[in-house]
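Thanks for making the time this morning. I would like to walk you through one model, starting with its charged side chains and then stepping back to the whole chain.

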Amino acid sequence: FSEKTFRDRLMPQVKSLALEDGHSLAIAVVEMPWSTNTRTPRKRQGRVFRVPGHLTGLVDELMDRLSAHFHGRGESRLMSAPRIAVVGHSAGGSALMSASESGDLCEIGPTHVVWSDASYGPWLKRAWSGCLGRAKDIQTHVIVRKGDVPYKRALQHVRRVAEPPNFRLDILPRREWSHRRIGNNVLQLSKIFVPGC
């Protein structure tokens with residue numbers, strides 16, 4: 001990812017949640033093979049997290065690092081059952097698809113999987129055919145801008161699969177919300193950090 005991604009997109013959202021809303025959170029940003037630091041063509045983006053155990057191994061490693069951080073600070077209490085939410089913005093939807101097809105997405109036990117203007121191609125359909133469609137305890141939240149490809153794909157999904165109670169579709173006005181603006185506000189838009197969590 002570019003430094004701009006962190007400066008303009010991630011840090012303002014995290015600061016708002018941590019400082020204004022008082023949430024205690026850790027955010028892990030996985031650099032994908034098609035990031036600005038590689039020459040991997042974007043058409044290969046769906047190949048990430050295809051191997052079972054790849055995403056679960058990453059999450060296990062992150063949990064170990066968080067636990068070591070708390071121990072290193074001399075805190076006697078360990079993290080108690082951290083809540084995991086997974087967000088894929090734009091091309092990140094392909095990573096959600098692959099992780100669902102491998103089963104890892106559901107294995108890590110997220111409370112929420114958020115598609116931030118990310119339902120391009122057959123990604124949402126394929127993720128739903130993977131573990132995500134069978135996971136009744138995971139809230140799937142799709143946020144799209146009206147009229148774009150992700151919007152059309154999300155509507156196709158809703159028509160194909162009767163909207164279950166664990167699926168939420170938010171359609172934002174096209175004139176007010178750009179693709180970038182959705183990504184820059186997805187943590188607030190998705191409301192995955194509820195008061196008291």
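A search of the whole structure finds 5 salt bridges, a salt bridge being a side-chain nitrogen of Lys or Arg within 4 Å of a carboxyl oxygen of Asp or Glu. Before I go on, please keep in mind that this is a predicted model, in which local features need pLDDT of at least 70 and side-chain atom pairs count only at pLDDT 80 or more, while totals for chains, interfaces and linings use all residues. Residues are numbered from 1 along each chain as its sequence is written, and side-chain values use heavy atoms, with hydrogens and water left out.

Which residues are linked in a network of salt bridges? They are Arg50, Glu101 and Arg126. Glu101 meets Arg50 at 3.3 Å, N to O, and this pair links distant parts of the chain, with Glu101 in helix H3 and Arg50 in the loop between helix H1 (3–20) and helix H2 (54–72), 51 residues apart. Helices here are DSSP runs of H or I with at least four residues, and strands are runs of E with at least two, numbered from the N terminus. Glu101 also meets Arg126, at 2.7 Å, N to O, and Arg126 lies in helix H5 (residues 123–129), 25 residues from Glu101.

For burial, buried means under 20% relative accessible area, exposed means over 50%, and partly exposed is in between, using a 1.4 Å probe and protein chains only. Glu101, at 32% relative accessibility, therefore counts as partly exposed, as does Arg50 at 37%, and Arg126 is partly exposed at 30%.

Another salt bridge joins Arg145 and Asp148, whose closest N and O atoms are 2.7 Å apart, and here both Arg145 and Asp148 are buried.

Let me return to helix H3, which spans residues 92–102 and is mostly covered, with 10 of its 11 residues buried; among them are Gly92, Leu96, Met97 and Ser102. Just after H3, Gly103 takes a positive phi of about 95°.

Now for the whole chain. The protein chain has 7 helices and 4 strands, which run α-α-β-α-α-β-α-β-α-β-α from the N terminus on. Of its 197 residues, 42% are buried. Among contacts with a separation of 6 or more, 75% come from residues 24 or more positions apart, where contact means heavy atoms within 4.5 Å.
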